[in-house]
Each structure stands twice: as C-alpha cells, then as structure tokens.
Amino acid sequence: MEAKFRADARAAGVRLDGAQREPFDVTIPVFVNVIHDGAKGKLSMTKINRSIKVLDDAYRFVGIDFALKGVKYVNNKAWYNNMGQSYEYDDAIKAKLHRGGTNVLNIYSANLSGGLLGYATFPWEDAGTSRDGVVILDESVPGGTAAPYNEGDTLTHEVGHWMGLWHTFQGGCKTPGDQVFDTPYEASPAFGCPVGRDTCKNRPGNDPVKNFMDYSEDPCMNHFTNGQKWRMQRVWNTYRML
C-alpha cells in the first residue's frame, strides 16, 4: 500500500521528499449517518456537534476544518447491532447511505461489538467509492458511556487513517515504522496513559503515547506531529483534492 501511495503521489505531481511546505487550508464536508435502534444509539445533535468540534480542535494544526453538511438518522436494529461484522455487510449499508465524492467524509455510528471502537478506510484503497468513510462506536462520542474512550478521539484517530496515517506502532521497532520521521518507534500499542514507556530501547525517544494514532485513552491523546501533518497534506493532495 505504501508503494502504491508513492506511485500515485508521483503521478499526481505531489512531492514526498520533505521539500513541499505549501500553505494548506482545507474544509472537509461531513455527512453523519446515525444508525440506531429506536432510542438506542440515536445520537443527539449536541453530541454530533461536539464531535465535529473535537475534530476541528485536533486538525486545526494540520490546516483542516470540518463542515457538517447533513445528518441522516437510520432506524434499523439489524444494521445497528451488526455493523462491523464483515466487509460485505458494511458495504451494503454504505452503498445505501454514502454521499459525496473523494473530499467528503462520511461518518457512521452504530453499536460495534467485541470491544471495537471504530475503523476507517484508507484513501489509496477506497477514495471515491461508496466504501470510503469512518465507522465509530456510538458511545465513543463526547458524553457517551464508553469511558475512558468517550471524549470523541476515536473519531479523531479513525479520521487520521482516512487521511493516510498509520498507527504509531506500525512495524514495531523496525524501519520504516509508521512512515513518519518524527514519531518515535513503538513496539506495541499503548493503553491507558503510561509515563516514560519505551518499548524500542535501540531507538531514540519514549513511546508517543499521547499521539492521536496510538491506542491511549482519550484524556491522554492530544497531538499530531509535524511529520504526520505533512503526510496528511500530501495524501490529501494525492487522493482527495478536487
């Protein structure tokens, strides 16, 4: 996938050598699809708006803000309780609900099982298709019941994938890790908010447990790095810019 991104970037005229530092100011249209079972999972507009604000706060550093364009409520017990069970099941749901093109973020909320908080598509795989988007556990939104993952940063994390970021622990302690030069190598995901964790002793820096692309608790996560910012900008210019 990384080789495909590099080839696609070259074809689009996007430089990946670090020399490109152009101004970046993007507004991403957002459609939220609230899949619910009666009152279960029927997110209020207050929670939805707070979720968008969490995204704005996290991605302002990248040069991105988010504009809510529409909310669709879908009362479907089977969809609500079974989304995330298979690609085929998700694809059928998304084919009916997805709106917009490559630059539009579609968010789906449902009752994900098995401790799953969310998942996302990568741009080099699904940009421009109905599969493209982010799925989150309904109770992971601000004010939800999935503490300590209920401040909205599941969405921040999954949008990072949608923008082309890997986990900070991608590849463990081996080069090239997560493909970003300024995130310290990390052997495994961090949980909670451990202080001084260093799982790659042969690499500089402690684990980036406060990075949005780790698995830390929401109160712990608070930043992207410059390298992640520049990668997201290049991915956007390769796949999502209209």
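Me: Is His36 buried or exposed?
Reply: His36 is buried, at 5% relative accessible area; buried means under 20%, exposed over 50%, partly exposed in between, with a 1.4 Å probe and protein chains only. This is a predicted model, where local features need pLDDT of at least 70, side-chain atom pairs count only at pLDDT 80 or more, and totals for chains, interfaces and linings use all residues. Residues are numbered from 1 along each chain as its sequence is written, and side-chain values use heavy atoms, with hydrogens and water left out.

Me: Which strand is His36 found in?
Reply: Strand β1; strands are DSSP runs of E, at least two residues, and helices are runs of H or I, at least four, numbered from the N terminus.

Me: What does the side chain of His36 reach?
Reply: The backbone oxygen of Gly38, at 2.7 Å.

Me: And what is His36 in contact with, leaving aside neighbours within four places in sequence?
Reply: Gly41, Lys42, Tyr73, Val74, Asn75, Asn76, Lys77 and Tyr80, where contact means heavy atoms within 4.5 Å.

Me: Switching to β5. How many bridges join β3 to β5?
Reply: 4, and the two run parallel; pairing needs at least two DSSP bridges between strands. Ala110 has Leu137 in β5 as its bridge partner.

Me: What about strand β4 and β5, parallel or antiparallel?
Reply: Antiparallel, with 3 bridges. Ala120 stands opposite Val134 in β5.

Me: Which β5 residues are buried on each side?
Reply: Val134 and Ile136 on one side, Val135 and Leu137 on the other.

Methods
A polar contact is a pair of N or O atoms within 3.5 Å; within protein, one must be able to donate a hydrogen and the other to accept it, and residues adjacent in sequence count only if both atoms are side-chain atoms.
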